[in-house]
Amino acid sequence: GLAPRCKLVKADFHKLPFPDNSFDHVYSIEACCHLPDRADVYREIYRVLKPGGCFVSYEWCEAEAERERASERERERVPRPAGARRGGPDRRPPPPPPPPQVPDQEAPRRRRAAHALQEAD
């Protein structure tokens with residue numbers, strides 16, 4: 001099971017009980033759109049996210065109601081991390097390392113065969 005790798009923590013996401021730079025990835029599903037002040041939550045999310053980490057959020061909101069609720073001033077209260085773009089930070093993870101080189105299992109046999117041919121000449 002996942003018990004050794006996962007831990008369920010019930011907490012207030014305005015004050016997450018984790019140290020800074022704790023997570024590679026953070027996600028939320030239909031949670032932040034119900035908050036009266038999302039700036040605090042986003043600040044906490046970026047606090048616990050490691051540099052280069054990824055935050056993904058899925059929200060179901062009505063566009064008109066959302067537009068009325070979120071003024072430009074409210075959106076600007078959340079400081080953007082270094083390298084952030086309008087519409088969200090560029091926090092793509094680095095590419096994975098190349099796969100390890102597998103030794104050629106046939107190389108010793110080919111060397112012996114080539115050596116035997118040289119001796120036969």
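Reply: Happy to! One term to begin with: a residue is called buried under 20% relative accessible area, exposed over 50%, and partly exposed in between. By that rule Y42, with a relative accessible area of 21%, is partly exposed. Keep in mind that this is a predicted model.

Me: Good to know. And F55, is that one buried or exposed?
Reply: F55 counts as buried, at 18% relative accessibility.

Me: How do the rings of Y42 and F55 sit together?
Reply: They form an aromatic pair of the edge-to-face kind, 6.1 Å centre to centre with 65 degrees between the planes. Y42 belongs to helix α1 (residues 38-48) and F55 to strand β2 (residues 49-58), so the pair ties together parts that are 13 residues apart in sequence.

Me: Which residues make up the aromatic cluster there?
Reply: Y42, Y46 and F55 form one cluster.

Me: Let's zoom out. What's the overall layout of the protein chain?
Reply: From the N terminus, its elements run β-α-β-α-α-β-β-α. That comes to 4 helices and 4 strands.

Me: How much of the protein chain counts as buried?
Reply: Of its 121 residues, 19% do. The accessible surface is about 10,200 Å², and carbon and sulfur atoms account for 58% of that.

Me: Now the inside. Which residues are in the largest nonpolar core?
Reply: There are 10 of them: L16, V26, C32, L35, V41, I45, Y46, V48, L49 and F55. Both α1 and β2 supply at least two residues each. The largest share, 4 residues, comes from α1.

Me: Pick one for me. What does L16 touch, leaving aside its neighbours within four places in sequence?
Reply: L16 is in contact with E44, I45, R47 and V48. I45 and V48 are also listed in that largest nonpolar core.

Me: How accessible are F18 and F23?
Reply: F18 has 25% relative accessibility and counts as partly exposed. F23 is partly exposed as well, with a relative accessible area of 30%.

Notes: Residues numbered from 1 in each chain as written. Predicted model: local features only at pLDDT ≥ 70, side-chain atom pairs only at ≥ 80, totals over all residues. Heavy atoms only, no water. Buried < 20%, exposed > 50% of the residue type's maximum accessible area, 1.4 Å probe, protein only. Areas by Shrake-Rupley, 256 points an atom, 1.4 Å probe, with all protein chains shown as cover. Phe/Tyr/Trp six-rings, centres within 6.5 Å; stacked < 30°, edge-to-face > 60°. Core = buried A, V, L, I, M, F, W, Y, C linked by side-chain atoms within 4.5 Å. Contact = heavy atoms within 4.5 Å.
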